Amino acid sequence: MSILEVKDLYKNFGKTQVLRGISFSMEQGEVLSIIGSSGSGKTTLLRCLTSLERADKGSITVGNKIVFDPERGVKLSKEEARENQLQFGMVFQQFNLFPQYSVLDNVTLASRLHAKERPDYKENKKQIIAEIEANAHDLLEKVGLSAKAGNYPCQLSGGQQQRVAIARALAMKPAILCFDEPTSALDPELTGEVLAVIRSLAAQDTTMIIVTHEMSFARDVSDTVLFMEEGVVAVKGAPDYVFGEGATPRMKAFIGAVSSHG
């Protein structure tokens, strides 16, 4: 059974059509990379999936639950919408860490706030907080930053800050981890350390959607690649197909432009 199914998703901003009938599905443990030029709709698609934007038409199913389908009258309550958001972890282009909080606090903040809504929170507060912090330490070790738990963002490199952001997204134990150009704000020499962490997550069967301009990385790490153009999926398939016989002239031009820029 698919962990995510998207059908005929449309999104307009005023008179501008940004998504024009996007459809795809994902299995548990799959890595899906989305490539395409700026303005093709990649980030808007991620934002619609994670409920940061509301699509105009279409349907989104997570697991066996339809979370968006206005034509069928599916309308989530605020609580249900929030639960759907928790199914997705989001790592943005910018790190968006809280500068006044330590690395550990940045990773645990959302989990602490969410835990307060548990009916047993007051009774088991110490144990719950201890579990949250233990999980955070495990995640920081996973991203290679266990020694930086007490540091503040200003004391970290850009690559280290992005790795903290990845740990923070994982802390909520999302079903799907989403990346929106996770290396675009990094100097080239720091890009590799972030991509290495994503590769390690892929090796652990983490379900991921990655919007990226790193073509060789997308080819190596992905199970499926989508090439988006003007709000539609122009090419879709396994990396060897998408970067080989399935590549359209427009996609070949895009890959050439990205490669020459790099």
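1. Just after helix 4, Gly144 adopts a positive phi of about 75°. Helices here are DSSP runs (H or I, at least four residues), strands likewise (E, at least two), numbered from the N terminus.

2. A word on the source: this is a predicted model, where local features need pLDDT of at least 70, side-chain atom pairs count only at pLDDT 80 or more, and totals for chains, interfaces and linings use all residues. Residues are numbered from 1 along each chain as its sequence is written, and side-chain values use heavy atoms, with hydrogens and water left out.

3. Helix 4 covers residues 125-142, 18 residues in total. From first C-alpha to last it reaches 26 Å, close to the 26 Å expected at 1.5 Å a residue (the expected span is 1.5 Å times one less than the number of residues).

4. Which residues of helix 4 are buried? They are Ile128, Ile129, Ile132, Ala136, Leu139 and Leu140 (buried means under 20% relative accessible area, exposed over 50%, partly exposed in between, with a 1.4 Å probe and protein chains only). Because they cover an arc of only 110° around the axis, they lie on the same side of helix 4 (the arc is taken from the directions from the helix axis to the C-beta atoms).

5. Lys126 and Glu141 are exposed on the other side of helix 4. Helix 3 (103-115) and helix 5 (158-171) are among what covers the buried residues (contact means heavy atoms within 4.5 Å).

6. Now the sheet: four strands make an open sheet in the order 2-1-4-5, with antiparallel pairing (two strands pair if DSSP finds at least two bridges between them). Strand 2 (16-26) and strand 5 (65-68) are its edge strands, each pairing on one side only.
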